[in-house]
Structures are given as C-alpha cells and as structure tokens.
Amino acid sequence: MTLETKKSIFVALGEFLGQFTANNTSKNDAVLHNDTFFDSFHDLIHLSQSHNGWYTPENVYYAINSWAQALTPENLDQWLKSYEIEQQQPKTIALILAGNIPLVGFHDFLSVLICGHNVVIKTSSNDQHLLPFLAKYLIAIEPEFATKITFVEGKLENFDAVIATGSNNTARYFEYYFKDKPAIIRKSRNSVAVLTGNETAAQLHALGEDIFRYFGLGCRNVSKLFVPKDYSFVPFFEAIFAYQDVIHYEKYANNYDYNKAVFLMSNFKLLDNGFLTIKEDVSHASPISSVFYEYYDNLDALKNRLENEKDLLQCIVSDDLIENSIAFGETQNPRLWNYADNIDTISFLTSLA
C-alpha cells in the first residue's frame, strides 16, 4: 500500500466524519460505505455518554469534527512532506491509549498506519468504542488493514516498539516494563495561559473554550493562569459566563461541589462564580471545575521559568507573549504536525530499523 493510497483512505475517513456535527448531521450519499456505517456511527455518538459519563454528545461531536477538519489532502501533505516514508518491512507497534477525551489516541493510530507499520492497540476502559468503530470503517475501505490493526484486552505481546500514554505513576511502570523496547512514554502534562490584563473580551471568552472543552480533562486544557500583580478577574468572569451550562452536567457539578468544599474546609481563599473556582496556587495541575492562578512581576522572568518547566507543559496560551504560544481558544485544535509532548511520532516510527 503506497503512501498516497494510505493518505486517500484517511481523507475518505475525514469525509465520513465530516457528516456528523452537533447542529447539522447530514448524510452525504457520495461518502463511501455510508449505507453500512452512517446510522451505526450516529447511534454510537449518542450512546457514548452511557459508556463514559464525560463523553457528552457535544464533546464527541467536537472531537469528530476536529478530525474531519484535520484529515484533508492539504493537511496530510503539509504534515508528511518533510519525511521520507519509504516502503519497508513493517514493525508491530503497541499503543496503550488514554481515555480522558474522545479519540485522544487517534493521532498515534494514524501515524503508525501512515508509516506502514502494524498496530496492536490496548484502549482505555474509558474509551473502548469510538476507535474500534473507525478501524472497521478503514477496513471496509481497504481490507488490507484487517491484517494491520489488532485490538487486545489482555497482555500486550509480540511487538517491536511501544507508544504509551498515562499518568506519572503509570509512566514509571511503562518505563520499567518496556525498558528493552524502543518507546515513547507520555506522562501527565498541563497547559497554562499568560495574561496581561489587556486581553479583549473576545480573547477571554475564547480562553473559556480552552478551560471548559471536554470539562477540562485534557492535557491541552488550561488549568493555570499567570497574571500580573493587581490583575482584576472581573473581565475574565464576565467573559466566561457563557459557559455556565457546564454546571448542569452531573459529573462536573459533583466535582465542583466536592473540590469547592475541600478548598473551603482548608481555609483557602477562593474566587467563585457558581461553576468555576479560582485559587492562587503554584501548581500547574488544578482539579476539575477549578483553575489555579499565580502572579508574576516580570514577564522575562516568567518566560525563563516556563522554558525551564517545558517538560511539564503541553500548551502555553497567550497573545503572542511567549514564543510558540497558542492563540486563545485554539488549544483543542492541534494540527497534525503539533505533536503531544513535542515528540515527533513520525520520526520515531520511521527510525525503527
């Protein structure tokens, strides 16, 4: 299977996914295998919350739409143009996937297949249905994929390299268990935003998307704000008020109530708007329904600190204050060439001898 063939197959998958949106799901008769897969996938989207309470239809649609926009000929060409992806003896790559947000492991899955390798996948118990469904769709387009994609529930065996994602604790286990294999081991990371007080209402509203999308469960969700001394949070609270409906989701509301109670019992000073608490804290990792903040005196000193802490950070959001920072509202829209933990997956996969 040539690289161009594989790209065309994933473009077809993107066209399939592009039919499904929260506001206007519409069947396109020109899309491949719609008679077999369209209704079943529509049903799966709406069943996802019964499989994982965090996977609301809105968030599943968002993840699907993000991949539909990514899987275009232009994006695939832009992503892969700088690599030499040659026909070679395929290796078997084991993937251990997280399940914090819908389809969080799809980029690794895509990368392995694009490079011509075989993939053995251990899904998270929190996300066991979406990726296997999409794998079946790919196999319907190209039956050769049936021998290249395997899902396992038990022990991973007979693989040449591994890409594993987990918490800091599980990462230590992965590093020991896979010490004799080429591996990418991803640990916990967080994302932060750097504010000056000069942000527009539109930018602060977009920051709400970075905070609340997927209920804040992703490593690309902003969990910490850096603000100058005497910063007023009033404009921030006004701008994010539009996200207030998040509190109507039971799992989020339970976390809000619990974490707020813990903070108050510990006599922490909080800012609270009824669906989000803000607490001054040096940590980057805040609990669900809360964002930490920290004051800074000198922007250059903060830049140096963030550079020193880059291995703890997935994204930095700012209005071009920090080199390679992301615009407000864009953390959950990575490009194909924006690699998790800044580890080039394609280079890793093409280097396997």
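Predicted model: local features only at pLDDT ≥ 70, side-chain atom pairs only at ≥ 80, totals over all residues.
Two packed helices are described by the angle between their axes and the distance between the axes. Here, α5 (residues 106–114) and α6 (residues 130–141) pack at an angle of about 30°, and their axes lie 11 Å apart. Because angles under 35 degrees count as roughly parallel, α5 is roughly parallel to α6.

On the α5 side, the contact is made by F106, F109 and L113, and on the α6 side by L131, L134, A135 and L138. These contact residues divide into seven nonpolar, no polar and no charged.

Helix α5 is mostly covered, with nine of its nine residues buried. The buried residues include F106, F109 and L113, which also take part in the contact with α6. H107, D108 and S111 of α5 are likewise among the buried residues. Just after this helix, G116 takes a positive phi of about 90°.

Strand β1 is also mostly covered.

| Element | Residues | Buried residues |
|---|---|---|
| Strand β1 | 92–96 | five of five |
| Helix α5 | 106–114 | nine of nine |

In a regular strand the side chains alternate between the two faces of the sheet. Both faces of β1 are covered: T92, A94 and I96 are buried on one side, and I93 and L95 on the other. Strand β1 runs parallel to strand β2 (residues 118–122), and five bridges join the two.

Key
Residues numbered from 1 in each chain as written. Heavy atoms only, no water. Axes fitted to C-alpha atoms, helices over the stretch in contact; angles between N-to-C directions. Helix = DSSP H or I, 4+ residues; strand = E, 2+ residues; numbered from the N terminus. Parallel < 35°, antiparallel > 145°, perpendicular 65-115°, else oblique. Contact = heavy atoms within 4.5 Å. Nonpolar A, V, L, I, M, F, W, Y, C, P; charged D, E, K, R; others polar. Buried < 20%, exposed > 50% of the residue type's maximum accessible area, 1.4 Å probe, protein only. Pairing = 2+ DSSP bridges.
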